[in-house]
Amino acid sequence: MSMETPLYEGKAKSVYQTQNPDELRVVFRNDMTAFNGVKHDQFENKGRFNATASEFFMRLLEEKGVSTHFINRPDPDTMIVKKLQMIPLEVIVRNVAAGSMVKKYPIQEGTVLNPPVVAIDYKDDERGDPMINDEIIFALGILNPEELGAVKKAALRINEILSVFFDEYGIRLVDFKLEFGKAKGAIILGDEISMDSMRLWDKRTGESFDKDVYRFEKGDVMTAYRRVLERIIPGFGG
Ligand code: C5P
């Protein structure tokens, strides 16, 4: 546990300034929360499992030409990242109807969404992360039309890359959440890509390998997270 004061403390990660003004240190903690922090627990290995996943996916995306904030992972639970000016939006891409989409709208869980659906929430815990639309994003001065276009294009490209990747490993990428930031005018992927931020279903059995295991007490959540990493990372020893 670091004695330094974090620049920012989220529900599952702490962010610290490094010696380099352009870089930050992100520590993935073992905290697990759901329903906007109402449900809260700690699980051994959780931080390093999600940091491992984030490194893995950000490297994969970088190889395919997507800019991310990832620089390196000096410790199992720690990433060094580029400092971004974070955009307060949660960009959600859905390939299959699940979660809040089936709760809010008359659509059956499991319905395939083709083309995929991009929906954006305004990131604000106190307001319960309300859904936002393009006009409200412009009215609030969060992004201009060109920047929002770049965010949506990046989100769909990331969806293509990750969907194809997971499919090869027998996993369905149901939906996921991304957060972007700006650095020198460019739109860059920030935050994390982990089992906390995606819904992953086994293609054969429909079993969940993600935070829904915790949200809805479907079994041992760390076993589910470990199974994703064991499937996709050669030699992942846990
Ligand atoms: O809850 P909902 O169905 O809207 O979530 C869509 C996807 O975005 C899920 O994969 C969920 O884990 C992720 N998400 C997230 N952080 C949030 C809201 C959603 O990672 N604050």
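The centres of domain 1 and domain 2, taken over C-alpha atoms, are separated by 17 Å. The two domains are in contact: domain 1 contributes 29 residues and domain 2 contributes 23 residues. The domain assignment places domain 1 at residues 8–82 and domain 2 at residues 85–220. The model is predicted.

Strand 7 spans residues 78–82. Four of its five residues are buried, so strand 7 is largely enclosed by the rest of the structure. Strand 7 pairs with strand 3 and with strand 6. Strand 3 covers residues 23–28 and runs antiparallel to strand 7, with five bridges between them. One of the pairings sets Val27 against Thr78 of strand 7. Strand 6 covers residues 70–75. Strand 6 and strand 7 also run antiparallel, joined by three bridges. Here Phe70 stands opposite Val81 of strand 7. The link between strand 6 and strand 7 is a hairpin of two residues. In a regular strand, side chains alternate between the two faces of the sheet.

A nonpolar patch lies on the surface. Phe35, Val38 and Phe216 form this patch. Together they have about 340 Å² of accessible area. Val38 sits in the loop between strand 4 (31–34) and strand 5 (39–42). Its relative accessibility is 72%, above the 50% cut-off, so Val38 counts as exposed.

Terms used: Residues numbered from 1 in each chain as written. Predicted model: local features only at pLDDT ≥ 70, side-chain atom pairs only at ≥ 80, totals over all residues. Heavy atoms only, no water. Patch = residues over 30% accessible without salt bridge, like charges linked within 9 Å, V, L, I, M, F, W, Y side chains within 5 Å. Areas by Shrake-Rupley, 256 points an atom, 1.4 Å probe, with all protein chains shown as cover. Salt bridge = Lys/Arg side-chain N within 4 Å of Asp/Glu carboxyl O. Buried < 20%, exposed > 50% of the residue type's maximum accessible area, 1.4 Å probe, protein only. Pairing = 2+ DSSP bridges. Domains from an automatic or database assignment. Contact = heavy atoms within 4.5 Å.
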